[in-house]
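Work through the exercises below with the sequence and the 3D structure at hand. Try each task before reading its solution.

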Amino acid sequence: MGKVLVLALVGILAALLGERLMEFRCKLNGSRELEPVELPNCHLIKGIERGAEDIDILPDGLAFISSGLKYPGLKTFAPDKPGEIFLMDLNDENPRAVELRISRGFDLASFNPHGISTYIDKDDSVYLFVVNHPEFKSTVEVFKFVEDENSLVHLKTIRHELLSSVNDIVALGPDHFYATNDHYFSDSILMYLELFLGLTWSNVVYYSPTEVKEVASGFYSVNGINISLDKKYVYIADLMAHHIHVMEKHANWSLTQLKVLELDTLVDNLFVDPYTGDIWGGCHPNGMKLLFYDPENLPGSEVIRIQNILSEKPTVTQVYAENGSVLQGSSVAAVYSGKLLIGTVFHRALYCEL
Ligand SMILES: [Ca+2]
Ligand SMILES: [Ca+2]
């Protein structure tokens, strides 16, 4: 009798594990093969060799690029080099990526930049918010951009227990923002267990110096976040669910869901075109290839544009799709005046003329 019970238990466990594995593979879009969509006028950006995880572009065409992310479980081509922020002026005929100098006093050696967001204040000061992972912890660094000196002056480091596993942020003012926690756990083993078990413990947090609170929850793994041009709606990508959530923002900064857009790709960062309001997503067509990096079976890149997201039938256009021979693991796509920048988690970045 005892043996039958043991056998039954082993059978149940094996079945549960099998079901979890199938579900995990499905969430990672592990069976998807990519049909290429080419863009004719693109070239790799010189000097960016180890990621451009996030990009934000000011309405005047200055692009900020975060580079050198080290993230548990993901590939890196330079594990010992600290991260950098690059600047590109997209008004130039042949824009170059220039590394921004960072003011003294900031710990550059442990700089591990992830999601970024810019904010222009009433006096035209430009602030750059950067998610940082020194020693794989999460902080948000606030910098002031000094254009004449190509430099960033570090203003403050924000740490908070609710900002535990931050992926991206959207600045709402010089010292307040929304942030996505891509996992509940920050420990890398627990983090992957959380993903594998399909727990919906990922959330969005509002931060200000006087109030910090969870404003949305129940996600598999929220990643990119951005805000509509009229500042009424917040867009959130749930990478593992293949969803973009449109949230309504309220006076007390809480968020309620208006609609969900279902896609066939793992959406990473979101960029909102400051002129049209269109949403651009850098996507991972097949998350298995990203997570289990194999030089013989490279992770591809995909860019989508979403128009009229609030309408009954938003238009989703696949602008670019590539199997990884040019660009591996696209995480962001951002536009300015007919130019498109595509960044990646750990690989290179592409400049295209549309
Ligand atoms: Ca961002
Ligand atoms: Ca991201």
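**Exercise 1: A strand pair and its sheet**

In β25, Lys339 has Glu353 as its bridge partner. The model is a predicted one, in which local features need pLDDT of at least 70, side-chain atom pairs count only at pLDDT 80 or more, and totals for chains, interfaces and linings use all residues. Residues are numbered from 1 along each chain as its sequence is written, and chains are lettered from A and ligands numbered from 1 in the order in which they are written.

Solution. 

Step 1. Strands are DSSP runs of E with at least two residues, numbered from the N terminus. Two strands pair if DSSP finds at least two bridges between them.

Step 2. Take the pair. β24 (residues 339-344) and β25 (residues 350-353) are antiparallel and share four bridges. Leu340 is opposite Cys352 in β25. The two strands form a hairpin, with five residues between them.

Step 3. Turn to β1. This strand also pairs with β25 in the antiparallel sense, over four bridges. Here Cys352 in β25 is the bridge partner of Cys42.

Step 4. Write down the sheet. It is open, has four strands in the order β1-β25-β24-β23, and its pairing is antiparallel. β1 (41-44) and β23 (330-336) stand at the edges; each has a single partner strand, so one side of each is left without a neighbour in the sheet.

**Exercise 2: Two residues and their surroundings**

Task: decide whether Asp54 and Glu312 are buried or exposed.

Solution. 

Step 1. State the cut-offs. A residue is buried if 20 or more other C-beta atoms lie within 10 Å of its own, exposed if 12 or fewer, and partly exposed in between, with C-beta atoms placed from the backbone.

Step 2. Apply them to Asp54. This residue is in strand β2 (residues 54-57). Asp54 counts as buried because it has 31 C-beta neighbours inside 10 Å.

Step 3. Check the record for Asp54. An unreviewed UniProt entry places the feature "binding site" at this residue; such annotations may be inferred rather than shown by experiment.

Step 4. Apply the cut-offs to Glu312. This residue lies in the loop between β21 (301-307) and β22 (315-322). Glu312 is exposed because 6 other C-beta atoms lie within 10 Å.

Step 5. The C-alpha atoms of Glu312 and Lys259 are separated by 10.0 Å, and the two residues are 53 residues apart along the chain.
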